[in-house]
Amino acid sequence: MSSPEQDFLVDMPHFPDPELEAKRELIYAPLGERDIARLARFGERRTFHDGEHLFEISKPSAGMYVVLSGTVAAFRRDPLGRRVRIAQRGPGHILAELGHLWGHRAPFEGIAQGEVEALLVTPDGLRTLMVTEVELGTRLLEVLILRRKALASLGLAGPALVAPRSHPRLHRLQEFLLRSGYPHTVIDPASDPDAATLVDRHAAGPEDLPLAVCPDGTVLKNPGDIALGRYLDVLPNSVRRRGYDVAVVGAGPAGLSTAVYAASEGLSVLVVDSRGFGGQAGASARIENYFGFPIGLSGQELTSLGFAQATKFGAEFAIPAHAVRLDCTRGDGAPGSFRLELDDGRHVSARTVVLASGARYRRPDLPGLETFEGRGVSYWASPIEAHHCRGQDVVLVGGGNSAGQAAVFLSGHAVRVLVLVRGKGLSESMSRYLVDRIAATPNIQVHTRTELSGLEPDENGELGFARWKHRDTGTEHRHEVGQVFLFVGADPATEWLSDCDVALDAKGFVRTGPDLSRDDLARSGRRTIPAPLETNVPGVFAVGDVRSGSVKRVGGAIGEGAAVVAQLHAYLADLARTTPPLGASARAT
Ligand SMILES: Cc1cc2nc3c(=O)[nH]c(=O)nc-3n(C[C@H](O)[C@H](O)[C@H](O)COP(=O)(O)OP(=O)(O)OC[C@H]3O[C@@H](n4cnc5c(N)ncnc54)[C@H](O)[C@@H]3O)c2cc1C
């Protein structure tokens, strides 16, 4: 006989996701007196009268609240702006989720029902607690991470994306929000009357879709993912004026790992990323070769844990923010000597810079390719794309690990996965376990010595047919397909370093340490070989896929992110030894 459900669980929603359902008690449990007493030294007591707001929709949240006495009700707005009560919480209950770790804009409002006393713990207080109170801190961090997932799984927060489910621009927004772990809902005007009303009210024509109805009621028409990310404050995005010990460009596995280790060792860190956290790994449906995860996990899961970990240790993030220039002129070597310029006009000052900008997927030279990008052609295979493969044959081009992984994943959704490789087989470029798995999967067909030669539309202008050619016989095939996936390699994301002294190899990857040539060193006036992950410019380091000679694996990127921190410390210690303290030179003159 199952134990009587804990009283506090009685009115709490259940989760469709079994993993979350198994943690339902942890997600909703109120804190006991002992926990609150331990928490109190990191926060302050606040009182609220009946009807007063503890936090408001889309306003920066002051931090995590724990109800001490009284009751707080939480409300969200539905897509038509109607207020919907989503929860009522009493003494001991935590009013927070992951975003409270950096003070994001609250996706819903909390209002006192009668007199309320609550404990407020600010983001700084929360992070200090998580580092100093290990047991309670770890438990709270897990609860906040689970609550973010719970909101996404229940569709209780975030924007409502309004468009037909097959709408190509909808996928891009969904993929962006999924990769950032940001809750949202999708409503289809064909099946949802509210969605139909919104389209009538706000969409002048198909060019206005998808609509994004934000928690504060604002309706964005066909927003780009960056614009949506900025409006919703999906991720932290501030740059402090006084600068950092370390500026990291790229929040993929390498950049996140650098942030975790550097921040946990007391360095002040800012990570900038053009789009979100996770990098290429975030696009991987299942990473099975990362040490310690035998059953594998999705790249999004691995990197969102890394993001939470880095935030816990105090690393700061500016996302979305695209680095457009690194000013390497070393001034007088005083702290803050590097200046990183961002696409929105902001700049970052830092004593050291870590290049972790990784690589970007390569686009084959195929006529009309851009017409079908997002309309049947994709460079990654997430659950969203897989959903659209049902009942169809799909073509997948590429012979590397990312292609192999995607083929196996898609074989669980598509009728047939037709893999096209230019080489004689898969074994030269793909890990053994993937080659074996593909061979054992009946609905994966591998076409060797074959190249994609053309794409054709169907009657609705969406992708309808793919053509491929045998490289030896020249025979061409035309096949009806629903989707084409392209995994044809990646190019280094270093174009933004063009007017900086950092030495690149012939393919554009960043050279470091022993890979640097005499000329590279001479160009920056260095006589000694730099540290293994240091470039020819003192104080600028490179890690992960962007680095020449790196292994192009998640484990390698994370390992280099960890390894570079000791080299940062050594450089900063050296800088401290050789740089006169601030104002010393002024005093000397
Ligand atoms: C689909 C797929 C599946 C994969 N599966 C596996 C696997 O199973 N196992 C494995 O070991 N490896 C796998 N890989 C490879 C692995 O993902 C990469 O080796 C790893 O992500 C490299 O990490 P990184 O941090 O160096 O670079 P990236 O992951 O490329 O991240 C770089 C980040 O920098 C940002 N950026 C770039 N330029 C700028 C700029 N100018 N300003 C600001 N930000 C910038 C990008 O937005 C990106 O977020 C896979 C790759 C792909 C594409």
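This is a predicted model: local features need pLDDT of at least 70, side-chain atom pairs count only at pLDDT 80 or more; totals for chains, interfaces and linings use all residues.
Me: What makes the radius of gyration of the protein agree with a compact globule?

Reply: With 589 residues, a compact globule would have a radius of gyration near 25 Å, and the protein has 26 Å, so the two agree. The C-alpha trace spans about 80 × 75 × 55 Å along its principal axes. The protein holds 17 helices and 27 strands, and 53% of its residues count as buried. Among contacts between residues at least 6 apart in sequence, 66% join residues at least 24 apart.

Me: Why is His 100 called buried?

Reply: Buried means under 20% relative accessible area. His 100 has 5% relative accessibility, so it counts as buried. You will find His 100 in the loop between strand 5 (94-95) and strand 6 (109-121). Leaving aside neighbours within four places in sequence, His 100 is in contact with Ser 61, Gly 63, Met 64, Leu 95, Pro 123 and Leu 126.

Me: And what makes His 167 buried?

Reply: The cut-off is again under 20%, and His 167 is buried because its relative accessible area is 13%. This histidine is found in the loop between strand 7 (160-162) and helix 6 (168-179). Beyond its neighbours within four places in sequence, His 167 is in contact with Pro 206, Leu 209 and Pro 210.

Me: What is the peptide bond between Leu 209 and Pro 210, cis or trans, and how do you know?

Reply: Omega is about -5° there, and the bond is cis. Pro 210 sits in the loop between helix 7 (193-202) and strand 9 (211-213). Another cis bond runs from Ile 319 to Pro 320, with omega near 0°. Pro 320 lies in the loop between strand 13 (316-318) and strand 14. These bonds are worth a look because most peptide bonds are trans.

Me: Why is Arg 449 called partly exposed?

Reply: Partly exposed covers the range between under 20% for buried and over 50% for exposed. Arg 449 has 25% relative accessibility, so it counts as partly exposed. Arg 449 also has a positive phi, about 50°, although it is not a glycine. It lies in the loop between strand 21 and strand 22 (450-457).

Me: How do you know that strand 14 and strand 15 pair?

Reply: Two strands pair if there are at least two bridges between them. Strand 14 (residues 323-327) and strand 15 are joined by 4 bridges and run antiparallel.

Me: Where does another hairpin glycine take a positive phi?

Reply: In the hairpin of strand 23 and strand 24, with 5 residues between the strands, Gly 474 has a positive phi near 75°. Strand 23 (residues 463-470) and strand 24 (residues 476-480) are antiparallel, paired over 5 bridges. Trp 468 has His 477 in strand 24 as its bridge partner.

Me: What makes strand 18 and strand 21 edge strands?

Reply: They belong to an open sheet of 5 strands in the order 18-25-19-20-21, with parallel pairing. Strand 18 (377-378) and strand 21 (444-447) each pair on one side only, and they are the edge strands. Strand 18 is joined to strand 25 (residues 483-486) by 2 bridges, and pairing needs at least two. Ser 378 has Phe 485 in strand 25 as its bridge partner.

Technical notes
Residues are numbered from 1 along each chain as its sequence is written. Side-chain values use heavy atoms; hydrogens and water are left out. Buried means under 20% relative accessible area, exposed over 50%, partly exposed in between (1.4 Å probe, protein chains only). Contact means heavy atoms within 4.5 Å. The radius of gyration is taken over C-alpha atoms; the globule rule is 2.2 Å times the number of residues to the power 0.38.
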